[in-house]
Amino acid sequence: MHFRSRAGKMFDWLNAGLLLLIALSMLFPFVYIFSVSFSSLEDVLQNDLLLWPKRWVTDAYTYILHSDQFLTSFWVTVYVTVVGTAVNMFFTATMAYGLSRPFPGQRAVLFMVVFTLLFQAGLIPTYMVVKETGLMDSLWSLIFPVAINPFNLIVMRQFFLNIPRELQEAAIIDGANTLQVFWRIVLPLSKPALAAFSLFYAVMHWNNYFSAILYINDPAKWPLQVVLRQIVIVDEPNAALQGGQSMMEHPPPPETVQMAAILLTTLPILVLYPFLQKYFVKGVMLGSIKE
Amino acid sequence: MEPVIKPEVKKPTVFRSVPRKKRKTRVDVGLVLLLLPGVLYFLVYKYLPMLGLVMSFQDYSPFLGFWKSPWVGWKHFETLFQDKESLRVIWNTLVISFYQILFAFPLPILLAILIHELRHQWYRRFIQSLVYLPHFLSWVVIVGIFVVFLRSDGLVNQLLGWFDIRPISFLTSPDWFQPLIVFQVIWKESGWGTIIILAALAGVNPGLYEAAVIDGANRWQQMWYITLPAIRNTIIILLILRLGTVMDTGFEQIFLMLNPFTMEVGNVLDTYVYYKGIQQGDVSFATAVGLFKGAVGLVLVVIANRTAKRFGQGGIY
């Protein structure tokens, strides 16, 4: 316990207050975005600091949710996130377990992995390989080129190495082969770690923007982040949301559409956030523990 | 799949006398199957592109391919160090990295020390869960939020208007570009960066603080003589490793923030490769720029790791 002098107490209050301000600065943009997204044209034009909608108007959401482009892109992102994460977990877990077993040439394979953390061929050669492997304009281009994050692989291998040898050896003596040990002993024991890595990969896919800019030209295959950029950063909400206009005589004010689009795109992350926080902090700690 | 344990099996199959030598050299098919997908991934998407680096010594033409495109030696690297535009790009990369290390690097440390000083566990957890949040948002969302707040009719300019300050064009002004990039990184990553520092602080023996109090140390003295020394090594390691990545300025963020008005101060190596290679089709030159960046990065990271290990800690590999 700290000794509580008067100066010490004052420090505590100031510190608590300062941190509250900092923490609220992380939350404030969302409160503002939320209230503008539900506001009417008149209230937006009033130029007041809107911290809560004065009249609740849901036009912006109706408009967005009737846009073919937005809905298509939403499902593209959901698809890439679900399938992509499954592919990530398959590739990462199998190789991580394989590398946790002793075999001749293990050091060479490990070096092959670690070297990619230090040196990468760069954008253009990778782009050419994606093109040559026939993935251009296919959603697999958002999945296969990032199938393994080398850092995750190394951390997961470390995790598998910490699973007691005896358990696996007992199974082998009972006649199980390596695949069976992996599937029936190792994976069930690693559920929390697997959940953490899945979340990590899922957030990566949900937030991915740049791969799509590189590899996807067909708007029907654009993920949500690409459309969000068009709506907000390029500042062309109506052009980006083609197919929605016919539903409404007067499109809602662009500000409200932009704010609603930001919120809708972030919503899944916000909903998952409590889990993310729990597992990610553990993941970071896992990663900082070295042999 | 068959159950692993079959109680009805009575034959002691495992004890069948297999010559020791033979057992050792037998290939574990299961292990090979486990390793195969991952190894294939690394070969195709990480190592095959490295062969493509030969393009940086050619005038690559898609019609001629790797085998027939003419070799030009170091031409593209000479251009890289002579061309005014590319020198500007290298300069921008270093300047933005320098600002990041100067301003964005120390803040998580400061924030972690303040959080460490909080007395109530519940309040501490509350603050932590809020400051971690921006880390999980995409750069499109974060740049989007900044755009909405900072454009000419955005909230910030509205507030400035209350004080009779004329609207500032934050997003199209070269003066504001680099500060905004650094500020976004501070907002997004400062909270997240506290985790590793807080972990180091959790290892401090509380008895040290008690002893200091008995000796009459005030809060500042406790912070200066106990808290800071406890995380000094962690800070040094983090700084060294950060210095190893000065060539990486974060592609998505800068690409999303760039516009024709800010190109002069904001175009960095990563974005330059994209504009040159993908948009303008100067594949060979762009590959050379990428190779330059990668090679310098490799040397820096190796030096950084050697140095970090000398401080008695493991590096990143």
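Is A:D235 buried, partly exposed or exposed, and what is its relative accessibility? The legends below refer to a predicted model.

**View 1. A:D235 in a loop of chain A.** A:D235 counts as partly exposed, with a relative accessibility of 42%. This aspartate sits in the loop that links α12 (224–233) and α13 (237–240) of chain A. Its phi is positive, about 65°, although A:D235 is not a glycine. Most residues other than glycine have a negative phi.

**View 2. A:D137 in the loop between α6 and α7 (150–161) of chain A.** Phi of A:D137 is near 60°, a positive value in a residue that is not glycine. A:D137 is partly exposed, at 24% relative accessible area.

**View 3. Packing of helix α6 (residues 123–132) of chain A with helix α2 (residues 29–51) of chain B.** The axes are 8 Å apart and the angle is about 125°; α6(A) and α2(B) are therefore oblique to each other. The crossing of α6(A) past α2(B) is right-handed. From α6(A), the contact uses A:P125, A:T126, A:V129 and A:V130, and from α2(B), B:V44, B:Y45, B:L48 and B:P49. These contact residues comprise seven nonpolar, one polar and no charged.

**View 4. The largest nonpolar core, with 179 residues.** A:M95, A:L99 and B:F42 have the most contacts inside this core. Helix α10 (residues 174–202) of chain B gives the most to the core, namely twelve residues. Leaving aside residues up to four places away in sequence, B:F42 touches A:M95, A:M112, A:V113, A:T116, A:I148, A:P150, A:L153 and B:Y47. A second, separate core has five residues, among them B:I237, B:I240, B:L241 and B:A304.

Note on methods:
Residues are numbered from 1 along each chain as its sequence is written. Chains are lettered from A and ligands numbered from 1 in the order in which they are written. This is a predicted model: local features need pLDDT of at least 70, side-chain atom pairs count only at pLDDT 80 or more; totals for chains, interfaces and linings use all residues. Side-chain values use heavy atoms; hydrogens and water are left out. Axes are lines fitted to C-alpha atoms, for helices over the stretch in contact, and angles run from 0 to 180 degrees between N-to-C directions. Helices (H or I, at least four residues) and strands (E, at least two) are DSSP runs, numbered from the N terminus. Angles under 35 degrees count as roughly parallel, over 145 as roughly antiparallel, 65 to 115 as roughly perpendicular and the rest as oblique. A crossing is left-handed if the near helix is turned anticlockwise from the far one by less than a right angle, and right-handed if clockwise. Contact means heavy atoms within 4.5 Å. Ala, Val, Leu, Ile, Met, Phe, Trp, Tyr, Cys and Pro count as nonpolar, Asp, Glu, Lys and Arg as charged, and the others, Gly among them, as polar. A nonpolar core is a set of buried Ala, Val, Leu, Ile, Met, Phe, Trp, Tyr and Cys residues joined through side-chain atoms within 4.5 Å. Buried means under 20% relative accessible area, exposed over 50%, partly exposed in between (1.4 Å probe, protein chains only).
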